[in-house]
Amino acid sequence: MPDLTLLFVVLFTVAYYLLTHEGLYDLDDYFYARYAQQLASGTFRVVPDPQGLLHDPLKERWLIFGPVAGLYRLFGVNIISSTLWPLLATVGCAVVIWRRYRRREPVVAAAAMLLLGLHYFTLNLTNYLYPDNILMFWCLCCAMVLLHGRQMPRRPLAWGVGFALLNFAALLSKETIVYYLPFYVGVLGRDVWRGQNGRFWSAALLGGTVLVAGYLAFYQVFTHDALYRIHLIEHTNEFLKEGNFLLGNRAALLARVTYQPLAFLVGTGLGVALLLAVAAALGRRQHPPSDAGFWLALAASTLAFYWLGSTSLSQYNPITLLPRMTTPLLPPLCLAAGFGLRDFVRTGRGGGWLALGLLLCAGWLHNSLSILYGGLALYFGAAAGLAGFALLHPTAVGAAWCRPGTGAFAALAVVALAAMLAVRPVYFMQKPRVSAHFAQQRILRQHLAGPVRGVVFVDEFLLGNYDFSYGFRVPAGLRFRRYAAADSVQLVPGEPAWLLLNHATLTNDELTRKLIRYSAPDVLARFPRRQLVAQDGRVELYRVR
């Protein structure tokens, strides 16, 4: 079962990645791609802006754009090579879970891979060069090494050094590895109190100290500020403080630190994992010792940090309730939930309570996500009824697949979980794309590449990242301007002008709310004298002068 689940999750993830890819999403992935290209071409500069005008924390996340630089050297600059690293990290999470639990806890392995890998926002983040799924991979590896290294009597020093190295890799990906710090401190204190795992922790602390000291020395040499990265984060918080919960949104602070995180987690589809994790916590004393306590404790401490923690050391500003901010929480939560499902398929107990909790989630949301909660509520209710029937009639026909503790009963639970989790991603896999990124790329590279010259009028979204389409090497003869500049641009005698019109961009709700406030007819009205040169799907290229 874990082998088939891994195969399904990997194929499903790759299918989602290919069928829903929309190209660049925002400034962050563009900046990471630009840094990767600079690193690949040898033009990257470690030092900050000498005038102190540009403060960009993204530049310090070396393990986000560093591997992408290697992919650029192999495959060139394009959107697939740009986002292959997040995809590999996402798939890697499933492989790590499978490797650890496929034999010792097959139901846990299958359930955790499905809850993590088929979570809609996990899949959605494979499409973008964002740090969140990459950090999730490092977080899972850190936790696995901490768990496994403390259980292994052999080579504790190597495990301790590996633990330090993985946490350092996470730090070079995103600062939110700090979510795990309270748990680390708690486990260290517990081991010190019991006099256990001294060699592991000695190696981990010594290795971590050496790495952090070298890291601070690096910044001291290049920026003359050993704490440059911390100061950079604080500067960013200071710049954005008008919108935080203490200055710009103080009235909402109480709601943010009380019920809003729960509503947010249920609204993103994590209510299933939360309920199963609660079931695992309630059923721990009824079953032999396992890793469940480790993952439950890590999930609880990480959730508490996310619920009540702050993005700043100098001011209290709760972490933004965005799905991508929850990626450090997902591995321990989904593994803890896996133990909850394991307990249910072993005994059949608690199915009614799970069904009730899921129905409450569905009723609370009363939206399309209610299909997930309602469908699983029906499964757990029916499974609990079948389990009771099998106990009363052990010789009945078909009792093997409705009797708790059997492989058939466990397989049915895994199939039901996979089917319901797949509904939302499949829906988005079937929807038409909203960016026409690949069609736009073909138009640019086929008709607006060197030695073509002239002025190209484009929308505001493309204006901010058009150099990505050329591998950050725009042909010298081309200039890109916004549509509104059509009347003010001065053309050199004989220089042509082009109009690139992407209908998908102009009807994208996420862009038209803020960035783009005009329609395709508005744009065409600015260029009454035009000649269609090429069309690819919803993208058109005109010559206008």
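The exercises below work through a predicted model of one protein.

Residues are numbered from 1 along each chain as its sequence is written. Local features need pLDDT of at least 70, side-chain atom pairs count only at pLDDT 80 or more, totals for chains, interfaces and linings use all residues, and side-chain values use heavy atoms, with hydrogens and water left out.

**Exercise 1. Overall form**

Task: State how many helices and strands the protein has, and decide why it counts as compact as a globular protein of its length.

Solution.
- Step 1. Helices (H or I, at least four residues) and strands (E, at least two) are DSSP runs, numbered from the N terminus. The protein has 24 helices and five strands.
- Step 2. The radius of gyration is taken over C-alpha atoms, and the globule rule is 2.2 Å times the number of residues to the power 0.38. For 545 residues the rule gives 24 Å; the protein has 26 Å, which is close, so it is as compact as a globular protein of that length.
- Step 3. The C-alpha trace spans about 90 × 60 × 50 Å along the principal axes.

**Exercise 2. Burial and contacts**

Task: Find what share of the residues is buried, and what share of the contacts with a separation of 6 or more joins residues 24 or more positions apart.

Solution.
- Step 1. Buried means under 20% relative accessible area, exposed over 50%, and partly exposed in between (1.4 Å probe, protein chains only). Of the 545 residues, 53% are buried.
- Step 2. Contact means heavy atoms within 4.5 Å. Residues 24 or more positions apart make up 76% of the contacts with a separation of 6 or more.

**Exercise 3. Rings around Trp-201**

Task: Classify the ring pairs of Trp-201 with Phe-163 and with Phe-200.

Solution.
- Step 1. A pair of aromatic rings is described by the distance of the centres and the angle of the planes. Rings of Phe, Tyr and Trp (its six-membered ring) pair if their centres lie within 6.5 Å; planes under 30 degrees apart count as stacked, over 60 as edge-to-face and the rest as tilted. The structure holds 43 aromatic pairs.
- Step 2. The centres of Phe-163 and Trp-201 are 6.0 Å apart with planes at 85°, so this pair is edge-to-face.
- Step 3. Phe-163 belongs to helix α8 (residues 156-171) and Trp-201 to helix α10 (residues 198-223), so the pair ties together parts that are 38 residues apart in sequence.
- Step 4. For Phe-200 and Trp-201 the centres are 5.4 Å apart and the planes at 85°, so this pair is edge-to-face.
- Step 5. Phe-163 is buried at 5% relative accessibility, and Trp-201 is buried at 7%. Phe-200 is buried too.

**Exercise 4. Surroundings of Leu-421**

Task: Locate Leu-421 and list what it touches beyond four places in sequence.

Solution.
- Step 1. Leu-421 sits in helix α19 (residues 407-430).
- Step 2. Its relative accessible area is 9%, so Leu-421 is buried.
- Step 3. Leu-421 touches Leu-114, Leu-115, Leu-118 and Leu-372, with residues up to four places away not counted.

**Exercise 5. Asn-502 and helix α20**

Task: Describe the setting of Asn-502, then the cover over helix α20.

Solution.
- Step 1. Asn-502 is part of strand β3 (residues 497-502) and is buried, at 1% relative accessibility.
- Step 2. Beyond four places in sequence, the contacts of Asn-502 include Ser-435, Ala-436, Gln-440 and Arg-538.
- Step 3. Gln-440 is one of the buried residues of helix α20 (residues 437-447).
- Step 4. The cover over the buried residues of α20 includes β3, along with α4 (79-101) and β2 (478-482).
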